[in-house]
Amino acid sequence: MDVPHYTPEDAPVPEGEIVIERACTAQDLGPKLNRTAADVVHFLLQAGEMLTATHSLSDDMIELFAEDIGAKIRLVDPGEEQEVELQKLLEIDESDNSDAPSRPPVVTVMGHVDHGKTLLLDRIRNANVVDGEAGGITQHIGAYQVERDGRLLTFIDTPGHEAFTAMRARGADSTDIVILMVAADDGVMPQTIEAINHAKAAEVPILVAVNKIDRDNADPEKAIAGVAEHGLVPEAWGGDTIFQEISALKNRGIDELLDHLLLLAEVEDLRGDPGGRATGVVLESNLDIGRGPVATVLVQRGTLKVGDPMVAGAAWGRVRALLDDHGENVLEAGPSMPVQVLGLSDVAGAGHDFVVAATEKVASRVASTREHWQRQSSLGREAHALSGGARLEDIFTQIQRGEAATLNMVVKADVNGSLEAVTESLRKLEREEVKIRFVHRGVGGITENDIALAAASNATILGFNVRPDRKARELAELEKVEVRSYEIIYKLLEDIEAAMVGMLAPEFEEVVTGEAEVREIFRIPRVGSVAGCFVQNGVITRGSAVRFLREGTIIWKGEISSLKRFSDDVREVAAGYECGIGLSNFQDLKQGDIIETFDNRQIERTLDS
């Protein structure tokens with residue numbers, strides 16, 4: 001095609017390579033090349049292309065115009081240019097940071113489950129978080145600051161069970177000092193060794209806390225010797241590792257432990273520049289009812305402020321509110337400060353970096369580009385998953401026949417950290433005869449869409465701290481989709497491993513016996529809150545085991561302490577009737593919540609089940 005040569009009578013073409021986004025408009029392209037949108041439109045009209053200044057341009061159109069005016073360009077995908085700019089912020093060389101102010105040390109507590117990490121942190125922050133934790137295990141990473149002698153220390157609490165290895169590794173990557181917890185009566189355990197390896201990989205100093213010295217069978221010297229075998233030699237033995245004997249239960253040695261932390265922080269000379277746009281890491285994220293996506297982040301450089309446009313993985317938004325570790329609103333957060341961020345578009349990926357962008361538009365475009373590529377990648381994996389695989393209930397039979405099997409799974413969890421931990425734990429269960437394929441993973445309650453996807457891909461649904469709603473359960477029964485819900489990760493892994501080795505033992509089948517929706521809340525003096533409910537399904541019985549659901553997520557478990565019809569105490573209320581329900585030790589009632597009663601019935605597994 002003969003293209004007429006069109007030369008506007010204005011500024012020269014910019015020198016060097018100019019980065020141009022694909023599918024840009026004449027309004028976007030013109031100014032980058034020192035031309036107006038009218039110049040671009042005029043040229044393309046003469047070339048036979050009928051369009052306006054706001055139409056998207058093809059690669060050929062952009063290259064044709066650039067070639068005509070003698071400009072050297074590089075075409076990039078939308079958001080790629082901004083992505084490069086944001087990555088530059090993350091890669092700033094901090095080697096010359098001597099002029100920056102001191103910042104609080106970020107401390108991670110690691111070690112074997114039941115060696116006392118949670119109780120130690122309870123003593124340090126003077127708040128009881130031990131009671132009520134399912135299975136005695138901290139399920140999610142928390143972050144908070146404490147003050148000692150006028151100086152702040154930031155603590156990241158990582159779970160201790162090996163199932164949460166990925167979360168612990170992420171915590172170490174954001175850490176200045178690691179406290180390694182070892183019980184004096186138990187010594188070095190497999191998770192202790194894991195924690196040592198993670199801390200060494202992160203190249204951070206380790207302070208060993210030898211706990212439970214108050215116990216009759218405590219042998220601190222034996223525990224210390226066990227740790228020393230893994231390269232952490234005490235100072236008293238000529239090494240360079242600080243050991244501190246403590247009793248979290250008796251509150252002994254904890255002040256000395258904090259003093260050691262402050263001393264290590266001085267030696268490390270930790271500094272952080274509070275100037276400029278903030279960068280950091282997402283420690284945890286979840287979808288909160290009423291507040292939307294909530295991300296717990298650790299600021300590592302700069303100052304994060306309310307109103308900042310930020311991007312974290314494929315999530316983005318303008319910071320609507322910042323909450324400190326006490327739940328109080330703050331206007332900004334500097335280096336080493338953990339805060340909860342409200343205002344993101346989606347649940348941010350735990351472990352992802354966050355960056356404050358120059359503008360909200362930049363944050364949006366970068367997040368959209370990341371989401372696009374993530375979607376393209378996941379489509380390929382899901383298409384592969386749909387090509388074959390079996391449900392959990394079929395694995396036993398296939399293995400007995402000596403066949404190799406692939407187990408398709410849809411995994412849902414209450415927060416991103418749990419989802420990551422469950423996924424990584426399940427991957428470790430793979431063996432030669434059984435492979436695992438994740439058709440879908442997500443945060444939130446189990447929905448009808450999850451059931452439909454599982455039915456289409458012949459998958460089993462695993463829920464961790466989440467439940468299907470009534471419609472999802474009904475669809476699962478109709479589609480014969482197996483849904484398994486768990487609150488303790490040990491049980492989840494035990495069941496899947498048992499199925500994969502063909503050893504499913506007799507188990508308990510959970511049967512939902514009743515479902516009631518909270519319509520009103522009544523405040524009764526000396527009694528507390530009572531839920532005015534409508535029974536939607538089954539029968540609600542006084543004394544039944546009950547779980548309290550909000551948007552499909554389990555927020556409390558207990559039993560029904562009182563059941564009334566009008567002013568009369570009754571034993572049970574059937575579907576279609578209203579009733580008043582009192583719950584033992586639970587007052588956080590909201591309209592629209594679901595009270596679900598259930599019963600556990602033992603069933604026998606057979607080769608055909």
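H8 covers residues 220-228, and its buried residues are Pro220, Ala223, Ile224, Gly226, Val227 and Ala228. By buried I mean under 20% relative accessible area, while exposed is over 50% and partly exposed is in between, with a 1.4 Å probe and protein chains only. Helices (H or I, at least four residues) and strands (E, at least two) are DSSP runs, numbered from the N terminus.

Before I go on, some housekeeping. This is a predicted model, where local features need pLDDT of at least 70 and side-chain atom pairs count only at pLDDT 80 or more, though totals for chains, interfaces and linings use all residues. Residues are numbered from 1 along each chain as its sequence is written, and side-chain values use heavy atoms, with hydrogens and water left out.

Now the overall picture. The protein chain has 15 helices and 30 strands, and of its 609 residues, 50% count as buried. Take the contacts (heavy atoms within 4.5 Å) between residues at least 6 apart in sequence: 71% of them join residues at least 24 apart.

On to helix pairs. Two packed helices are described by the angle between their axes and the distance between the axes. The axes here are lines fitted to C-alpha atoms, for helices over the stretch in contact, and angles run from 0 to 180 degrees between N-to-C directions.

So how do H5 and H9 cross? The axes of H5 (residues 117-125) and H9 (residues 254-268) come within 11 Å, at roughly 85°. That makes the two helices roughly perpendicular; the cut-offs are under 35 degrees for roughly parallel, over 145 for roughly antiparallel, 65 to 115 for roughly perpendicular, and oblique for the rest. On the H5 side we have Leu120, Arg123 and Ile124, meeting Ile254, Leu257 and Leu258 in H9. That contact has five nonpolar residues, no polar ones and one charged.

Val422, Ser425 and Leu426 in H12 meet Ile489, Leu492, Leu493 and Ile496 in H15, which gives six nonpolar, one polar and no charged residues.

Next, strand E23 (residues 507-524), where Arg519 lies. Arg519 is partly exposed, at 40% relative accessibility. Its C-alpha atom is 5.3 Å from that of Gln591, 72 residues apart along the chain. Leaving aside neighbours within four places in sequence, Arg519 is in contact with Gly532, Cys533, Phe534 and Gln591.

And the cysteines? The structure holds zero disulfides, a disulfide being a pair of cysteine sulfur atoms within 2.5 Å. For Cys579, the nearest cysteine sulfur, that of Cys533, is 5.3 Å away. Cys579 is buried at 7% relative accessibility, and Cys24 is buried too, at 8%.

Last, two loops to click on. Asn465, between strand E21 (460-464) and helix H14 (470-479), has a positive phi of about 65° although it is not a glycine. Phe566, in the loop between strands E26 (553-565) and E27 (568-569), has a positive phi near 60°. Which is buried and which exposed? Asn465 is buried, at 12% relative accessibility, whereas Phe566 is exposed, at 73%.

Conventions:
Nonpolar A, V, L, I, M, F, W, Y, C, P; charged D, E, K, R; others polar.
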